Amino acid sequence: MDALYIVERINDLFNITNKKIYSSESGITYQADQRIKKLGYCVNLTLETIEEARIHGVDMMVTHHDAWDEIFGLKEACVEKLAEYGISHYYNHLPLDDCNFGTNDSLLGKLNLEPVKRTHEWEGLYFGRIAEYDEEIEFNDLVKKMEHLLEEPVKSWRFNDKTVKRVGLVCGNGAPTACLKEAVENDCDVYITGECNLYTIQYAQFKGMNLIIGSHTFTEFFGIESLAMKLNENIKELEVVRLNEEHYETNIK
């Protein structure tokens with residue numbers, strides 16, 4: 001099978017309601033001229049993850065993010081390295097945030113939370129969730145659950161004394177106060193995301209909203225893993241491996 005066949009099988013997993021947005025938020029970065037026998041998955045396309053793919057003998061990478069435009073020159077360097085190694089690459093961003101097996105719903109499932117509402121709409125797709133526990137849990141217990149799942153320390157701020165029943169979630173970059181505002185408006189006890197800044201913390205404090213901040217990468221990891229596992233189920237002969245990524249973000253102060 002070739003890279004286009006893999007992409008077609010990925011597309012079959014999604015309910016594509018807006019082809020223009022879907023194609024602008026997913027696609028092939030580089031297509032090598034070889035058959036795909038082994039696929040590697042991770043969140044980010046970087047020179048380091050491409051090297052991981054080479055070490056594992058991967059023919060195609062599937063990631064959540066394309067190379068970041070904000071890292072000037074990275075995409076060109078990645079394409080050059082993919083071509084050198086003969087590795088194809090595909091990414092799927094917003095549609096994976098939106099779908100019911102993607103980043104948000106996969107993390108909620110790992111936390112034993114039940115989604116009750118899709119939030120944070122953009123162009124008809126939703127990159128956030130409101131979810132609830134059947135029974136209330138302690139805030140500190142939720143923090144420990146996050147650290148266990150993400151295999152890294154998380155940052156947390158307690159701005160109310162409530163136990164946790166209702167949770168607002170935006171995997172990845174939910175730092176803008178407009179994202180937190182939806183959790184406030186939906187009467188959440190805590191807001192979880194993968195990035196924050198001073199405004200995020202001060203707005204949470206102002207509104208009395210508890211806050212848990214993991215990393216951008218590892219709050220989104222379970223979604224790309226879910227996509228890879230679904231591919232593996234549908235294409236039995238395809239070997240699928242996880243590509244390691246460092247926990248760099250835990251060192252950001």
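A word on the model. It is predicted, so local features need pLDDT of at least 70 and side-chain atom pairs count only at pLDDT 80 or more, while totals for chains, interfaces and linings use all residues. Residues are numbered from 1 along each chain as its sequence is written, and side-chain values use heavy atoms, with hydrogens and water left out.

Now the overall picture. The protein chain has eleven helices and eleven strands. Helices (H or I, at least four residues) and strands (E, at least two) are DSSP runs, numbered from the N terminus. The radius of gyration is 18 Å, close to the 18 Å from the globule rule for 253 residues, so the chain is as compact as a globular protein of that length. That radius is taken over C-alpha atoms, and the rule is 2.2 Å times the number of residues to the power 0.38. Along the principal axes, the C-alpha atoms fill a box of roughly 55 × 35 × 30 Å.

How much of the chain is buried? Buried residues make up 52% of the 253. Buried means under 20% relative accessible area, exposed means over 50%, and partly exposed is in between (1.4 Å probe, protein chains only). Next, contacts, meaning heavy atoms within 4.5 Å. Of the contacts with a separation of 6 or more, 68% are between residues 24 or more positions apart.

On to the strands. Two strands pair if DSSP finds at least two bridges between them. Take strand β6, residues 125–137. Strand β5, residues 114–122, pairs with β6 in the antiparallel sense over seven bridges. Arginine 118 has arginine 129 of β6 as its bridge partner. Two residues lie between β5 and β6 in this hairpin, and glutamate 123 in the turn has a positive phi of about 55°. β6 also runs antiparallel to strand β8, residues 164–170, with five bridges joining them. There, glutamate 132 stands opposite arginine 166 in β8.

Now strand β10, residues 210–213. In a regular strand the side chains alternate between the two faces of the sheet. In β10 both faces are covered: Asn210 and Ile212 are buried on one side, Leu211 and Ile213 on the other. Which strands pair with β10? Tryptophan 157 is partnered with leucine 211 in β10. Strand β9, residues 190–193, pairs with β10 in the parallel sense, over four bridges. Here valine 190 has asparagine 210 as its bridge partner.

Tyrosine 90 sits in strand β4, residues 88–92. Is tyrosine 90 buried or exposed? Tyrosine 90 has a relative accessible area of 1%, so it counts as buried. Leaving aside neighbours within four places in sequence, its contacts include Val7, Tyr22, Met60 and Val62.

Valine 184 lies in helix α8, residues 177–185. Its relative accessibility is 21%, so valine 184 counts as partly exposed. Not counting residues up to four places away in sequence, valine 184 touches Tyr203, Lys207 and Met209. Valine 184 and alanine 204 are 20 residues apart in sequence and 8.6 Å apart in space, C-alpha to C-alpha.

That's it from me. Thanks.
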